[in-house]
Amino acid sequence: MSEQLTGAQALIRSLELEGVEVVFGIPGGAILPAYDPLLDSPIRHVLARHEQGAGHMASGYAHASGKVGVTIATSGPGATNLVTPLADAYADSIPVVAITGQVATTSIGSDAFQEAHTWGITAPCTKHNYLVTNVNDIPNVIREAFHLASTGRPGPVLVDLPKDLLVATMEWTGRGEIDLPGYKPRSEGNHKQIVAAIKLLLESERPVFYAGGGLIRAAASAEAHAFARAANLPVVTTLMGRGAIPDSYEKHLGMPGMHGTYAATIAMQEADLLFTIGARFDDRVTGKVSAFAPHAKVVHVDVDPAEIGKVRNAEVPVVGDAKAVLNQLIVEHAKQLDGAAAPTYQPWIDTILGWRSEHPLAFDQNPDGPILPQYFISELSNRVSDHAIVVAGVGQHQMWASQFWHFERPNTWINSGGLGTMGYAVPAAVGAQAAMPDTTVWVIDGDGCFQMTSQELITAAIEGLPVKIAIMNNGSLGMVKQWQSLFYNGRLSSVDLSGGIPDFVMLAEAMGCAGLRVDHPSEVPAIIEKAIGITDKPVVIDVVCDPDEMVFPMVPAGGSNSDLVLNIEGLQ
């Protein structure tokens, strides 16, 4: 006898068959039928305090685990509150499946209560989305959604489910099937292009391996490190690529671009070859595109053919999965060397390592204070395991975290790179902690970012997810203040958050967390150790920082990377 299920039961069973262990969401009228079978499912539901938080939690889960993150919301405002996290995941190629309730099919288009054109609103910020109109399609749609989210260039996929379909019955015939005849992401790169890429590399004199976040999404870090070592390549890792190749690699130059290191940024400018894998020539890396890397030819490897040539023409384009292509490149590199030693590029290496020594990232912490964020982040990085996950918000603290945290492993750096979403860090950390319960998760946040989504610490406390938050509290929207100070003649407009409201220690304790504060450099080591010792609840440290500290090096907006300045005197 065939098994009869409701659409809601079919949805939950389909999620179980995809291996889903945890979902992040908030129930509501239209999605309510799906929450009843959840009670009988082994899937853990984390009840967020806002749908935006639930979406970022799913993203943080995916970042940390490499699996697909799942978020659930109801129709109308529940769904529209997911737009920001979906756009964020889309920009950073994060695999997320969003399940949204919709008004009944008979009410669609009637301006019914909590009706919104969810699939239309989310079309530009998802890899694909579905409005399901037949209950029997639910298993197939869920399977396709997970396949689309996790293959090719990863990204968010939304499934909109009308309420009448969730309560309708269907004959369950097993796990859904994938029927996507036009979707065939390429894995291995074209052999002729692989040969051409290695030929160009061996002919170059000043190569740079431009490594992006696509390496992490493709789980290709080991292959990237092996290729860099075999070919003696200097490496730069983008903001999203931090951790893809260990910072301890002897030819690692750091992050390039607007707030990148001198060595990484100038090496790209002076290179004769950019060997680019999983990076997209973001404007924060290139600066003024017409002046970017003027002497360089480009090898560009990307799983998404639309990225190749979009910003910078590539002499050798290679479409394929980074892991598969790197394995091809390693083999072809050895073949073309035919037993000979790989070029050492010694004059070039000596030059750029000299730049690294002459212009290191640095700060000058006055022992009498105030606390410099760079000092706190350096102390924290030195005191926790390189297995720890660090999640950042967006702004000055994000740049300092990337600059002064020592990254040795992939999937240990989580942040909003493409969309630059303030308020990302706290909920993303909750998702990362749910994915990796035995790993310490630290948040480096700003006081502005923190106030946008801090309510998700309630979720963390109630769900037993002991994330640790360090707020770099400079009493302002720091990066905006920096730009107004430098480029608007110091006319500060609407950036002041000082005044002591809210009291972050009291706020943390009110949300079920431990609240700590530090305002003198001498107290920093002890407060970090105290926070590390608290493992039964989330911890918030209010780090009272120098309100006037700025992020350097810096390439002024719209300028060439050759205009990189190391300090404020360079702008005068």
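This report walks through the nonpolar cores, the cysteines and the aromatic rings of a predicted model.

## Nonpolar cores

Let's start inside the protein. In general, nonpolar side chains of soluble globular proteins tend to be buried together. Here, the largest nonpolar core is made up of 59 residues. Within that core, F209, L215, L274 and L329 have the most contacts. The element that gives the most to this core is helix α12, spanning residues 262–270, with six residues.

Leaving aside residues up to four places away in sequence, L329 touches I194, A197, I198, F227, F275 and I277. There is also a second, separate core, which has 40 residues. Among its members are A58, I94, A429 and L465.

## Cysteines without partners

How many disulfides does the structure hold? The count is zero.

C545 is in no disulfide either. Its nearest cysteine sulfur also belongs to C449, at a distance of 14 Å. With a relative accessible area of 5%, C545 counts as buried.

## Aromatic pairs around F281

The model has 11 aromatic pairs. One of them joins Y210 and F281 in an edge-to-face arrangement, with 5.1 Å centre to centre and 85 degrees between the planes. This pair links distant parts of the chain, as its two residues are 71 residues apart. Y210 sits in strand β9 (residues 207–211), while F281 is in the loop between β11 (273–277) and α13 (283–286). Are these two residues buried or exposed? Both Y210 and F281 are buried.

F281 pairs with F292 as well: the ring centres are 6.1 Å apart and the planes meet at 80 degrees, so this pair is edge-to-face. F292 lies in the loop between α13 and β12 (297–302), 11 residues from F281. Like F281, F292 is buried.

## A ring cluster and a charge over a ring

Which residues do ring pairs link into a cluster? They are F209, F227 and F275.

Finally, have a look at W172. R13 lies over the face of its ring, 5.3 Å from the ring centre.

Conventions:
Residues are numbered from 1 along each chain as its sequence is written. This is a predicted model: local features need pLDDT of at least 70, side-chain atom pairs count only at pLDDT 80 or more; totals for chains, interfaces and linings use all residues. Side-chain values use heavy atoms; hydrogens and water are left out. A nonpolar core is a set of buried Ala, Val, Leu, Ile, Met, Phe, Trp, Tyr and Cys residues joined through side-chain atoms within 4.5 Å. Buried means under 20% relative accessible area, exposed over 50%, partly exposed in between (1.4 Å probe, protein chains only). Helices (H or I, at least four residues) and strands (E, at least two) are DSSP runs, numbered from the N terminus. Contact means heavy atoms within 4.5 Å. A disulfide is a pair of cysteine sulfur atoms within 2.5 Å. Rings of Phe, Tyr and Trp (its six-membered ring) pair if their centres lie within 6.5 Å; planes under 30 degrees apart count as stacked, over 60 as edge-to-face and the rest as tilted. A charge sits over a ring if NZ of Lys or CZ of Arg is within 6 Å of the ring centre and within 35 degrees of the ring normal.
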